Amino acid sequence: MFVSVFLLLVALCAQGGHGEEREEANRRGHVSVVIVGGTGDLAKKYLWQGFFQLYVSQVSSGNTFSFYGGGLSPADKATPVLFEILKEMSCSKDVSEERCALLKEQYLRLAQYRQLKTLEDYQDLDKHIDTQLQQEGMTEAGRLFYLSVPAFAYADVADKINNSCRPTGESWLRVVLEKPFGHDFRSAQVLASQLGNSLKDEEMYRIDHYLGKQVVAKILPFRMENKKFLDPIWNKHHIERVEIVVKETLDVKGRITFYDQYGVIRDLLQNHLTEVMTLLTMRVPMNLSNSDEFLQNKLQLFSSLLPVGKNQAVVGQYQAYKTEVQQELNKTKDHVSLTPTYATVLIHSHEARYEGVPIILTSGKMLDERMGFARILFKNDIFCLQNHDSIHCKPKQIVFHFGHGSLQYPAILVSKNLFKPVSMDSGWKEVTEHTDVQVLGLPISDYYVHTPTEQKEAYSELISQIFAGRKNSFIRTESLLASWEFWTPLVNSLASSFPRIYPGGADNGHLLDIIVKGKEICYNSEVVIISNDQTGGTSASGFQVMQGKFRSSDMVSAWAEELVERLAADMQEAAEAAVREGGVFHLALSGGSSPIALFHRLALHHYSFPWRDTHVWMVDERCVPLAEMESNFHNLHDNLLQHVRIPYYNIHPMPVQLNQRLCVEEDGGALLYEKEVSMLVNDSSFHFVLLGVGYDGHTASLFPGSQVDDHGESLVALTESPSKPHQRMSLTFTAINRARTVALLVMGKGKHEMITQLSRVKDTPVKWPVTKVKPADGRLVWYIDYDALLG
């Protein structure tokens, strides 16, 4: 039996993050709070503390409470876990120790764990609540369910609540949902439809904890309070750009199962950063408490946004992510994940007020510091001839600083060369004594600084708003679908893009800096290659491109960027010579990750490459459909072919899929490709063949242990790989060794041991297939970077 605490004072007045607003009418009476997933990580870190803060604030309101932690585990196992969580509750500074101890004791007595697994479990909970109400003669105010469970369980739990655990009469029902709310437009539609079968839209509270951050919640009130200053300058004539940035130093180890399906754009940009963007750029509602006007203004903003595609985004992935994926998802060493852990996206609006103003959204893991902010950077038309330290010469900006970083605390900062903001409400104070700190290029003393009088946790703030029935800090269905409709085309277009690899932390240096070029963005630096085992950024060394000999053949060596630059130049030189001589250039390219930087280099910097007269062939291919990300041709197409002007009939993918099946010998795919080579390539002699070398010494798809001479005079063969996918199609050594030039590209510290071994061994093709590469009438050149050469 629960002990109900009847309390004395009249109801608290509403105090929302958006100033005064009308609360949804709340009947006084008993409130049942159910946290489904009540012993999980989120509940342990934030939810139980948030509801404790609610209980403390409502202890004199005339309401009574019961708290339930629900989950799949039996009660005898989960009850001790729940009470260990509840013992850790804490009070704010304005609550005395004695009173805090009493409130904690009451909270513990009002809480219990219940297994919530089957429909019968929810029916039993409903009976329990009804029995308690009858026995203690209480009127029910409402029921609040917080679904701290995976999104795939939402519809089922909502259905159980609707069918067996709804309050009766005029009592309210509120169901809180944690993100993710779908992974694209279609899935969000389906989820919204499923939930709509069980819950009314006004009963659903989709929570985005960024909207509970005090600074974020203050954006619209700040814009309204400072209307007379901001209205003249909040437009394209005065705003240089808008930046919304969330940087994190942590990796995603332990969360890979979730994260690898979502990535940084779905995890941060589509929800948190988009919500901040809407608050900064939507029209300020005439009445901040009018949720319908608020929603319409948000939808109007979404309708004004220009579509975003690959040219409006850059993505990256921290270096250790690949290993973490392989370990946590039990993948093989050659598995490559394209999930971005860093992204910057450029957004523009066609609304007259913001036309041409860049809006930049950025977030990433394993960056140099933990901080989040939104900045409005204004144009400064003052030119200072002498006193460059004058306040008038410095950047003009408003910074909504979410917390952490050098400043440590949440604050709104306004450059002193802009205007002095009006005094804020009693929940905020001006900071007049400053430490020696810089915020986005300016000393803190160059700003007017306002911060919350008391820092409050975002979940606690949002839980109080859920209890009050306020909707503006939560995601409505129409707004959710409008957001996904905007983001889904970009997410789909990036699905096969290779993110730039970055080492993490301070070592990132300038690797992730971007440059805005009109309506497009790109990385400011050229393609940079970081080997899997490299712990720092690219080395700054006195070494330049070096030429020498390796295994009696020519060798070119340099740091990765210079090496790729040299290889691209040599390839173009060979192409131009071949076209001058015979009007055509036949180029055979390998798969794998090593050539990606070369592909980028060719696409971005070799505009005079004779693509119109070039035929592109494949050295090898995995036996997967060409549209799949594992396909070597898919990699080549996405990183090179789609970016250059090459006639489609000059592109020759390997026919690994014939008769709706993959690499079946009797289908004759290898023979078909060989005939195509023989027909188009003079004497079947490619002008330039690019190969890589695996850790085990394989090249193309010719692996150790195979009898490399078994292919005889065949130019193309089906082969077997020790790693998945096992079936491959490959040029044979007969075809490779007929080439005029064969380039072997080897990069990364991880290849150092293999290069050392190759420098010592004799020609042993069965153990080291690459030693069979010996062009009969052509030239072999090893391109080895310093990491692989020197270790």
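Predicted model: local features only at pLDDT ≥ 70, side-chain atom pairs only at ≥ 80, totals over all residues.

## A strand and its neighbours

Residues are numbered from 1 along each chain as its sequence is written, and side-chain values use heavy atoms, leaving out hydrogens and water.

Strand E30 (residues 688–692) pairs with E33 in the parallel sense over five bridges; two strands pair if DSSP finds at least two bridges between them. E33 also pairs with strand E34 (residues 779–785), again in the parallel sense, over six bridges. Here leucine 745 stands opposite tyrosine 783 in E34.

## Two covered faces

E33 spans residues 741–746, and six of its six residues are buried (under 20% relative accessible area with a 1.4 Å probe, protein chains only). Thr741, Ala743 and Leu745 point one way, while Val742, Leu744 and Val746 point the other way.

## The whole chain

How many helices and strands does the protein chain have? There are 21 helices and 34 strands, taken as DSSP runs (H or I, at least four residues, for helices; E, at least two, for strands) and numbered from the N terminus.

Of the 791 residues of the protein chain, 55% count as buried. Its C-alpha atoms fill a box of roughly 100 × 75 × 45 Å, taken along the principal axes.

Methods. Buried < 20%, exposed > 50% of the residue type's maximum accessible area, 1.4 Å probe, protein only.
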